[in-house]
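Let's take a walk through a protein model together. Keep the structure open beside the text and find each spot as we get to it.

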Amino acid sequence: KFLELCTRLTQEHPEVIPFLSNRHQKTSPDFLASAELRNVLARCLSRVRARRDKVYVYINELCTVLKAHTSRRKLALLPVPSSSSSSSPPPPPVSPQPPVSPAAGSPRPPGGSKRQIRYLENLLRVYMGEIRRLQERELDLAELDSEDSTYLQESRLKRKMMRIFERLCQLKQCSSLTGRVIEQRIQYRGTRYPEVNRRIERFINRPEVFPDYTDILKVIQKASARHSLGLARRQMESMAQDAFREVGNRLQERRHLDLVYNFGSHLTDQYRPGMDPALVDPELAKRLRKNRTMALTRLDDVISHYAQLQDESEEEERGRKRAARQRGTT
């Protein structure tokens, strides 16, 4: 339907439809059978019907999407020259050329060309429009088990946008950091041992890391052994508990702030902090404060419980080793 409509509207420029067909033939078969292409075609068709004077704009938008999913054909390998060709006389020596002065020609900048940058920026705009359209669609219960549900399509498009954004930053030779709270480094100064602080800080700032009590304890034990701090076992366990509480709270606070600043979509742009129902409902605010106090208390209980279990397991391990040594001496 889209091709038929565009054929009627582009009769003044007959070369447009063959160009679009050529893009379609070079597109990956997997993308041609995907729901993403069907959504793009449906959106372009509805836009062309609404604004026929912009038909070339929407054809260019479709060509941009098709070009981003072009099949990559591998070049055929050249045959290896036979041994008979190795017996041929060597080529005559080339006379040395004078060195080229730096002023003769400026080297090409390592960044991308303006055409590449414009293409990727246009592709980001296309994907952003498609994501907004998917967010506005209602999710049917029948789609929950579908591999082409609205949420999965949106997730795939966002992953593609991240890859395009990283490539765009490479071409522009700029940092890919966006200033999000989750990207900010956490500094730790919770103990009086700088060696322990540095190791804990390095560990908690690794990407996709949310340490538990055992991880922090191992970091402290390695720092004590590496720098000969001579820390006692009880002292290291106490330091690990305090560090785990502080680090966990700061990581949780950072993730919470990042969620507050970035959660939602354009459909929730009208939200304001003053619209919190707990501000006008004292009973709800009281219940939320009670739940928070209960959560903090249970977190302390969990930490103490697992610390005690670890102490008991270490005591049992030492007891087994002593019993084994005694049996060996007898």
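**A guided walk through the helices**

With a relative accessibility of 63%, Ser228 counts as exposed, because the cut-off for that word is over 50%. You'll find Ser228 in the loop between H10 and H11. Its backbone is worth a look too: Ser228 isn't a glycine, yet its phi is positive, at about 55°. Most residues other than glycine have a negative phi. Keep in mind as you go that this is a predicted model.

There's a second spot of this kind. Gln173 sits in the loop between helix H8 (150–172) and H9. Phi of Gln173 is near 55°, again a positive value in a residue other than glycine. Is Gln173 buried or exposed? At 52% relative accessibility, Gln173 counts as exposed.

Now zoom out. How many helices and how many strands are there in the protein? The count is 12 helices and zero strands. The protein has 330 residues, and 29% of them count as buried. What about contacts between parts of the chain? Take the contacts with a separation of 6 or more: residues 24 or more positions apart account for 69% of them.

Next, let's look inside. In soluble globular proteins, nonpolar side chains tend to be buried together. Here, the largest nonpolar core has 24 residues. Val196, Ile200, Ile216 and Ile220 are the ones with the most contacts inside this core. Which elements give two or more residues to the core? They are helix H9 (194–204), helix H10 (213–226), helix H11 (233–262) and helix H12 (282–329). H11 gives the most, with seven residues. Leaving out residues up to four places away in sequence, Ile216 touches Ile200, Pro211, Ala240, Ala243 and Phe244. Apart from this core lies another one, of 20 residues, and Cys6, Leu45, Tyr58 and Leu62 are among them.

Two packed helices are described by the angle between their axes and the distance between the axes. Who meets whom here? On the H5 side you have Asn60, Glu61, Thr64, Val65, Lys67 and Ala68, and they meet Tyr119, Asn122, Leu123, Val126 and Tyr127 in H7. The residues of this contact divide into six nonpolar, three polar and two charged.

One is Asp258, which lies in helix H11. Asp258 counts as buried because its relative accessibility is 8%, and the limit is under 20%. What does the side chain of Asp258 make a polar contact with? The partner is the side chain of Arg180, at 2.5 Å. If you skip residues up to four places away in sequence, Asp258 touches Arg180, Val181, Ile182 and Phe263.

The other is Arg254, whose place is also in helix H11. At 15% relative accessibility, Arg254 counts as buried. Again not counting residues up to four places away in sequence, Arg254 touches Val181, Ile182, Gln184, Ile186 and Asn205. Arg254 and Arg180 are 74 residues apart along the chain, but 9.8 Å separates their C-alpha atoms.

For a last stop, go to helix H3 (residues 29–32) and find Asp30. At 67% relative accessibility, Asp30 counts as exposed. Where is His69 from there? His69 is 39 residues from Asp30 along the chain, and their C-alpha atoms are separated by 9.1 Å.

Technical notes:
Residues numbered from 1 in each chain as written. Predicted model: local features only at pLDDT ≥ 70, side-chain atom pairs only at ≥ 80, totals over all residues. Heavy atoms only, no water. Core = buried A, V, L, I, M, F, W, Y, C linked by side-chain atoms within 4.5 Å. Buried < 20%, exposed > 50% of the residue type's maximum accessible area, 1.4 Å probe, protein only. Helix = DSSP H or I, 4+ residues; strand = E, 2+ residues; numbered from the N terminus. Contact = heavy atoms within 4.5 Å. Nonpolar A, V, L, I, M, F, W, Y, C, P; charged D, E, K, R; others polar. Polar contact = N/O pair within 3.5 Å; in protein donor to acceptor, adjacent residues only side chain to side chain.
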